[in-house]
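This report covers a helix and its packing, a nonpolar core and the aromatic side chains. Please keep the structure open while reading.

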Amino acid sequence: MPLLEVRHLTKRFGRTRGFFHAPAVVTAVDNVSFGIEQGEVLGLVGESGSGKSTIGRCILRLVEPTSGDVLDRKSTRL
């Protein structure tokens with residue numbers, strides 16, 4: 001049983017494009033899933049702007065995910 005489990009995490013942000021334009025939707029993270037077992041270490045690697053920090057912020061609930069779940073060892077939502 002993982003200590004931390006992320007299931008189908010997605011985060012989208014609305015971005016304004018000016019007064020007369022409809023807002024654009026930017027998908028920062030799209031359907032990410034992983035689990036971390038006791039004693040394991042996870043490294044997120046990717047290009048600038050690939051969503052690494054957004055995943056961390058969603059895990060810590062600094063920003064709310066658009067969809068998906070972040071579960072702790074007791075299988076309760078963080």
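## Helix 1 and its cover

Contact here means heavy atoms within 4.5 Å. The model is predicted. Helix 1 spans residues 52-59. Its buried residues are Thr-54, Ile-55, Cys-58 and Ile-59. Seen down the helix axis, these buried residues fall within an arc of 140°, so they line one face of helix 1.

What covers that buried set? The cover includes strand 1 (4-15), strand 2 (24-36) and strand 3 (67-72). After helix 1 comes Arg-61. The phi of Arg-61 is positive, near 60°.

## The largest nonpolar core

How many residues make up the largest nonpolar core? The count is 10. The members are Leu-4, Val-6, Leu-9, Val-29, Phe-34, Ile-36, Ile-55, Cys-58, Ile-59 and Val-70. Strand 1, strand 2 and helix 1 are the elements that each give two or more residues to this core.

## Aromatic side chains

A pair of aromatic rings is described by the distance of the centres and the angle of the planes. The structure holds one such pair. The ring centres of Phe-19 and Phe-20 lie 5.0 Å apart, with the planes at 85°, so the pair is edge-to-face. An angle over 60 degrees counts as edge-to-face. Are these two residues buried or exposed? Both Phe-19 and Phe-20 are exposed.

Phe-13 has a charge over its ring. The charged end of Lys-11 sits there, 4.9 Å from the ring centre.

Notes. Residues numbered from 1 in each chain as written. Predicted model: local features only at pLDDT ≥ 70, side-chain atom pairs only at ≥ 80, totals over all residues. Heavy atoms only, no water. Buried < 20%, exposed > 50% of the residue type's maximum accessible area, 1.4 Å probe, protein only. Helix = DSSP H or I, 4+ residues; strand = E, 2+ residues; numbered from the N terminus. Arc of directions from axis to C-beta. Core = buried A, V, L, I, M, F, W, Y, C linked by side-chain atoms within 4.5 Å. Phe/Tyr/Trp six-rings, centres within 6.5 Å; stacked < 30°, edge-to-face > 60°. Lys NZ or Arg CZ within 6 Å of the ring centre and 35° of its normal.
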